[in-house]
Amino acid sequence: MTKAETVAAQPTGSHSFQADVARLLQMMAHSIYSDRDVFIRELLSNAADACEKLRYESLKAPDLIKEGQPFSISITIDEENKRLIFADNGIGMSREDLIESLGTIANSGTRAFLERLNSAERGANGGDLIGQFGIGFYSVFMVADKVTVESRKAGSDEAWSWESDGKGTFSTRQMNLEDAPEHGTRITLELTEDGSRYASATQMEGIIREHSGAIAIPVELIAKRGSEAKRITEGVALWRRAKSEISNAEYHEFYHALAGQFDEPDLTVHWHAEGRQEYTALAFIPGSRPLDLFDPARKGRGKLYVRRVLVTSDANLLPGWLRFIRLVVDSNDLPLNVSREMIQESPIFGAIRKGIATKILQELIRTTETNQEKFAQIWQNFGAVLKEGLYEDPERRDQIFKLARFATSKESEQKRSLADYIADLRPNQTDIWYMTGENHMRITSSPQLEGFRQRGIEVLLLSDPIDAFWVETAVGYDGKPFKSATQGEVDISNVPLMEGEAQTIREPSAKVASLLAVFKQTLDSDVADVRASARLSKSAACLVASANARDKRLERMLAEHGAPISISKPVLEINPSHELIVTLSDLLDGKNQSLIEDIAWLIFDEAKLADGDMPSRPEMFTDRLMRVLMRAATGHSQA
Ligand code: ADP
Ligand code: MG
């Protein structure tokens with residue numbers, strides 16, 4: 001039997017909801033969430049989506065709709081029976097659509113909601129969370145204890161109904177065509193005692209107005225069965241209206257519907273491009289991080305309309321490093337008579353895509369000038385994503401550098417821009433110094449920075465994983481190259497010491513030089529070199545990468561991702577004026593060979609610990625430490 005025959009053979013059927021749906025429904029029914037109006041927003045947006053889908057399908061198959069019949073959504077109030085009826089003349093649903101769409105978790109907002117419940121808010125009843133996510137269709141069970149969905153898919157000669165009390169199961173049944181919508185969907189809610197306040201025309205009119213800002217299809221209210229319909233909103237696409245006529249509240253409402261996220265956007269950019277390509281775009285930067293921001297599957301997507309026809313909600317309109325932006329674009333120039341895929345391959349689409357990234361970057365740069373506080377928040381949320389553009393889009397690099405904000409070794413309330421950094425260069429400083437690492441606190445207190453601090457040289461502290469990548473490829477900023485503070489030999493001796501800092505680093509004495517040679521021999525299996533350091537002042541030793549090695553952080557990340565990387569040996573740098581080193585160099589007389597070797601290893605392992613690494617061979621580390629401690633204690637008791 002084919003699928004269609006199977007369906008025909010089962011005119012009615014009872015089905016269980018997917019487990020997650022059942023859970024969600026139970027939550028809806030017991031929700032103490034106060035803003036129940038959201039079910040109206042969800043039903044209106046589904047109805048509008050259905051009309052937009054049919055509008056697009058009918059381009060290829062004009063017979064699907066009657067000529068001259070406009071799309072519309074109506075809400076009928078049956079006060080007597082405590083019912084609400086939502087009807088649309090959109091694309092409708094087949095039996096399979098009903099089972100799939102209204103029996104499983106199809107909607108990503110709903111899934112995100114459940115995940116949040118599972119993790120952070122475990123134990124909470126989810127009440128406050130409902131308002132933050134687009135729960136979708138299932139929100140009807142906050143106000144109804146029985147819901148019937150009657151639908152006929154455009155072009156089909158069958159109509160089906162779906163019915164449920166929201167308690168674990170639903171049933172489907174074939175309908176007589178006379179009783180069904182011509183095409184589209186009719187949803188009847190039997191309101192609960194509590195929900196019956198929605199069966200009031202005055203009440204509903206206000207709520208519809210409030211929730212229809214993002215609905216580009218006209219909405220009508222029928223106050224009583226059989227009475228005349230009253231047009232509540234005209235369904236003019238918001239982005240087509242003049243900016244000056246749109247209130248902030250309308251923009252926000254639109255953003256909520258578009259993003260399925262109920263925070264306030266940090267930035268709203270609405271513009272009309274003219275010239276080579278004519279299009280209108282409306283973009284939002286969310287006020288908080290979407291849950292899937294770092295999901296590799298998340299792409300830079302937007303809603304694409306061509307002359308008011310929704311082509312796809314999933315257009316590749318943004319580069320990956322702008323994937324947090326929520327966006328609608330309505331083009332006047334793109335062709336409508338080709339497939340969705342073809343549209344996105346056209347050079348016009350490419351040009352629009354470029355124009356959008358340019359405009360958004362411009363607006364972000366403008367925000368750094370006009371509203372630093374707001375920009376700091378945007379950077380806090382999305383800086384790590386924007387920085388991906390530094391290596392993915394080299395031609396935008398200089399602009400992204402204008403946005404980039406860094407934690408640095410300078411005591412500062414705010415993060416610093418590269419312009420700030422350049423403005424505060426020390427005399428004779430020619431490089432932009434940086435240090436990468438997993439943990440901000442740890443890099444802040446790294447011994448490797450001591451010499452820089454003595455000279456007041458600012459060091460960028462890069463602790464986002466992405467930093468290790470872009471910094472390798474970025475040539476520099478404002479003519480100054482980026483240089484790692486933990487790689488190769490640094491020469492910062494030209495830069496004067498800050499007031500009160502004593503020159504602690506000297507050329508090693510002959511004895512210290514001999515000690516370093518012994519260290520090198522001892523540690524030969526694990527280090528590339530042992531040398532006197534120009535970057536230490538207080539600490540005895542630190543590890544750095546050799547000049548031609550890759551950044552240690554990058555090396556480690558590549559290795560974690562399975563790249564065939566041989567981790568290169570570090571260089572151990574020793575502070576030749578440190579008391580321990582000077583004292584040890586006095587013991588170089590042959591009698592203390594084993595003590596010096598133990599201490600050489602301990603110094604090396606201690607430097608690894610300071611970098612957040614494990615000693616190279618932990619059991620030997622413990623033995624050595626014990627031997628040296630014993631010796632210190634014994635020496636003390638004899639004295
Ligand atoms: P979402 O709208 O985010 O996909 P919903 O829970 O709101 O999630 O709806 C689930 C699915 O049910 C929709 O994707 C759509 O396929 C279908 N659907 C809901 N309402 C309608 C409708 N009025 N007309 C056609 N399809 C609908
Ligand atoms: Mg929906």
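Modeller: The largest cavity has a volume of about 40 Å³, a volume being the space filled by probe spheres set on grid points joined across faces, edges and corners. A cavity is a set of points on a 1 Å grid, over the protein atoms alone, where a 1.4 Å probe fits but cannot get out, and lining residues have an atom within 4 Å of a point. The count comes to 1 cavity of 30 Å³ or more. This is a predicted model, in which local features need pLDDT of at least 70 and side-chain atom pairs pLDDT 80 or more, while totals for chains, interfaces and linings use all residues. Residues are numbered from 1 along each chain as written, chains are lettered from A and ligands numbered from 1 in written order, and side-chain values use heavy atoms, without hydrogens and water.

The cavity is lined by Leu43, Ala47, Ile73, Phe86, Ala87, Asp88, Thr185 and Ile187. At least two lining residues each come from helix H3 (38-60), strand E3 (83-88) and strand E7 (184-191), where helices (H or I, at least four residues) and strands (E, at least two) are DSSP runs numbered from the N terminus. Strand E3 makes the largest contribution to this lining, with 3 residues. By class, the lining of the largest cavity holds 6 nonpolar, 1 polar and 1 charged residues, with Ala, Val, Leu, Ile, Met, Phe, Trp, Tyr, Cys and Pro taken as nonpolar, Asp, Glu, Lys and Arg as charged, and the others, Gly among them, as polar.

Key
1 Å grid on protein atoms, 1.4 Å probe; cavity = no way out; pocket = protein on both sides within 12 Å on 5 of 7 lines; lining within 4 Å.
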